[in-house]
Amino acid sequence: MPEAGIGIEPFFLEGARGPLFCLHLSPITPLPRGSLLYLHPFAEEMHKSRRMAALQARALAQNGFAVLQVDLTGCGDSAGDFGDAAWTGWLDDAQRAHDWLRQKTTRPVTLWGLRTGALLAAELACQLPDVQGLLLWQPVADGSLFLNQFLRIKLASEMLTDGQSRTGTKELLAQLDGGQSVEVGGYLLSPAMARELGSRKL
């Protein structure tokens, strides 16, 4: 149910690889004070932080800001599988969402990113001439370090299941370098995503 003073608009935005689920929250005023595009974190971190991000988006809308939340390709309620997603594709998704928000509010957009979403936001800001600012929550500064931490989830799962790990991060990285996907915590990590994410730095 919509909250007092806030308009809530769920919709699908056309993406390069299918519809992207979006949620637009806006103050019921003639002109918002500003606008923000929220870019979510990676894999399970997205789901664990979804409620917190939703509460913050509502708080921002109650204070006069329009907020657009978008599920990137292969994530949440958007089209595609996580295993088919690519970092460059997520950049395209984010730019499409930015363009929609820019046209909707006619206000410069602040990019708000959490964890790897902050890494994505910073890269997108370098490509857009009219970004007003960056709001980075617990930003991932080094994609390679994050990738190694993500792969350790698989090692920890093996330890809990078998009492020992059958592989190490070096073996998993070699598998990705060899063109094989790796399943981590229910998410299929593709070689392309691993390569692109691993090359990014804040």
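**Exercise 1. Which residues is His40 in contact with, leaving aside its neighbours within four places in sequence?**

Solution. Contact means heavy atoms within 4.5 Å. On that basis, and with neighbours within four places in sequence left aside, the partners of His40 are Met46, Val70, Asp71, Leu72, Cys75, Leu114, Thr116 and Gly117. The model is predicted: local features need pLDDT of at least 70 and side-chain atom pairs count only at pLDDT 80 or more, whereas totals for chains, interfaces and linings use all residues. Residues are numbered from 1 along each chain as its sequence is written, and side-chain values use heavy atoms, with hydrogens and water left out.

Helices (H or I, at least four residues) and strands (E, at least two) are DSSP runs, numbered from the N terminus. Finally, a polar atom of the His40 side chain lies 3.1 Å from the backbone nitrogen of Leu72.

**Exercise 2. Is His40 buried or exposed?**

Solution. Buried means under 20% relative accessible area, exposed over 50%, and partly exposed in between (1.4 Å probe, protein chains only). The relative accessibility of His40 is 5%, so His40 counts as buried.

**Exercise 3. In what order do the six strands form the open sheet?**

Solution. The order is β1-β2-β4-β3-β5-β6, with mixed pairing. Two strands pair if DSSP finds at least two bridges between them. The edge strands, each pairing on one side only, are β1 (6-15) and β6 (131-137). Within the sheet, β2 (residues 18-27) and β4 (residues 65-70) are antiparallel and share four bridges; Leu25 has Val67 in β4 as its bridge partner.

**Exercise 4. Why is α3 largely enclosed by the rest of the structure?**

Solution. Ten of the twelve residues of α3 are buried, so the helix is largely enclosed. Among these buried residues are Thr116, Leu119, Leu120 and Glu123.

**Exercise 5. Which residues have the most contacts inside the largest nonpolar core?**

Solution. A nonpolar core is a set of buried Ala, Val, Leu, Ile, Met, Phe, Trp, Tyr and Cys residues joined through side-chain atoms within 4.5 Å. The largest has 46 residues, and Leu37, Phe42, Trp90 and Leu189 have the most contacts inside it. Helix α2 (residues 87-105) gives the most to this core, with seven residues. A second, separate core of twelve residues includes Ile6, Tyr38, Leu60 and Leu114.

How values were computed
Polar contact = N/O pair within 3.5 Å; in protein donor to acceptor, adjacent residues only side chain to side chain.
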